[in-house]
Amino acid sequence: MDSLILKPPGRVDGVIQLPGSKSLSNRLLLLSSLASGTTEVRNLLESDDTQHMTTALETLGIGLSFFDEGARCLVKSPGGPFSASRADLFLGNAGTAIRPLCAALCLGEGEFTLTGEPRMLERPISHLVDALRQLGADISYEGQEGYPPLRIRAGGLLGGSVSIRGNVSSQYLTALLLASPLAQDALQIEIIGDLVSRPYIDMTIDVMRRFGVSVDNDNYRAFHVPGGQSYRSPGIAHLEGAGACRRFFF
């Protein structure tokens, strides 16, 4: 029989571009939209989650311009809560979009609905809604209790003290943290039980600091966000994983 013998190469030398994180992409997009100025988000991940987030932000009046086949995005924002007073947002099955937007929309004024695909309507969100209600948010369920779709009648968040369970999705705490600097007063978030997914919370706090906001972390048992802060554009927001990576194989 004929045969084909493939000899291993002595070396493979190349450069790959690592895609940005989905979770980090949507954090940076949201904070760029709440920060004053223009932010260039680099190495933005192309995914359903980021697509739903960018569509929602444009609906809310944020200026977005895309370059390099969508991997680079310029976000222009006056800063502060969204200026839109009404919007119906469809967020597919993007948990990294619906949860932080639920909290951020409470900061402004107006009426908003959040919905998504059938699978999204099976994903619980009551822990976040309950926490936001502690801060004065007016949120109602349009379908099954504890699940999207949601209707938000926004009038700002009061600040003060709020508690949330630590053994549920870290996206709930992330949503509270991202919205907290724009609350009317300082915010103290108490964690009930052990906090899961601590690296995601570290990511959230790091992103907030990159946009000029300080967060005090009391050994993951409580988080204090001082009042009177606002997000400021860092100019360029680079997603981790974007560097060139050179690998050699022998």
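Modeller: Happy to! Let us begin with a space of about 40 Å³, the second largest cavity in this predicted model. Leu132, Leu135, Leu157, Leu176, Ala179, Ser180, Ala183 and Leu187 line this second largest cavity. Sorted by class, that lining has seven nonpolar residues, one polar residue and no charged ones. How do we find such spaces at all? Rolling a probe the size of a water molecule over the atoms shows where empty space is left.

How many cavities of 30 Å³ or more does the structure hold? There are two. The largest cavity has a volume of about 70 Å³, and its lining is made by Asn26, Arg27, Leu30, Thr96, Pro100, Gln171, Thr174 and Leu178. Helix α1, together with α3 (95-105) and α5 (170-179), gives two or more residues to this lining. The classes here are three nonpolar, four polar and one charged.

Now stay with α1 and look at its neighbours. Two packed helices are described by the angle between their axes and the distance between the axes. Take helix α2 (residues 48-59) as a partner: its axis and that of α1 come within 9 Å and cross at roughly 10°. The two helices are therefore roughly parallel to each other. On the α1 side of this contact you will find Lys22, Ser25, Asn26, Leu29, Leu30 and Ser33, and they meet Asp49, Thr50, Met53, Thr54 and Leu57 in α2. Those contact residues divide into four nonpolar, five polar and two charged. Look again at Asn26 and Leu30: they take part in the contact with α2, and they also line the largest cavity.

The other partner to look at is helix α6 (residues 198-210). The axes of α1 (residues 22-34) and α6 come within 10 Å and cross at roughly 30°. That angle makes α1 roughly parallel to α6. The crossing of α1 past α6 is right-handed. Which residues meet here? From α1 come Ser23, Leu24, Arg27, Leu28 and Leu31, while α6 brings Tyr200, Met203, Thr204, Val207, Met208 and Arg210. In this contact of α1 with α6, seven residues are nonpolar, two are polar and two are charged. Arg27 links the two topics as well, being part of the contact with α6 and of the lining of the largest cavity.

Before you go, here are two details of the backbone. Most residues other than glycine have a negative phi, and most peptide bonds are trans. With that in mind, visit Asp68, in the loop between β3 (63-67) and β4 (72-77): its phi is positive, near 55°. Then find Pro149, in the loop between β7 (138-141) and β8 (150-155). The peptide bond from Pro148 to Pro149 is cis, with omega near 5°.

How values were computed:
Residues are numbered from 1 along each chain as its sequence is written. This is a predicted model: local features need pLDDT of at least 70, side-chain atom pairs count only at pLDDT 80 or more; totals for chains, interfaces and linings use all residues. Side-chain values use heavy atoms; hydrogens and water are left out. Axes are lines fitted to C-alpha atoms, for helices over the stretch in contact, and angles run from 0 to 180 degrees between N-to-C directions. Helices (H or I, at least four residues) and strands (E, at least two) are DSSP runs, numbered from the N terminus. Angles under 35 degrees count as roughly parallel, over 145 as roughly antiparallel, 65 to 115 as roughly perpendicular and the rest as oblique. A crossing is left-handed if the near helix is turned anticlockwise from the far one by less than a right angle, and right-handed if clockwise. Contact means heavy atoms within 4.5 Å. Ala, Val, Leu, Ile, Met, Phe, Trp, Tyr, Cys and Pro count as nonpolar, Asp, Glu, Lys and Arg as charged, and the others, Gly among them, as polar. On a 1 Å grid over the protein atoms alone, a cavity is a set of points where a 1.4 Å probe fits but cannot get out, and a pocket is an open set with protein on both sides within 12 Å along at least five of seven lines; lining residues have an atom within 4 Å of a point. Grid points are joined across faces, edges and corners, and a volume is the space filled by probe spheres set on the points.
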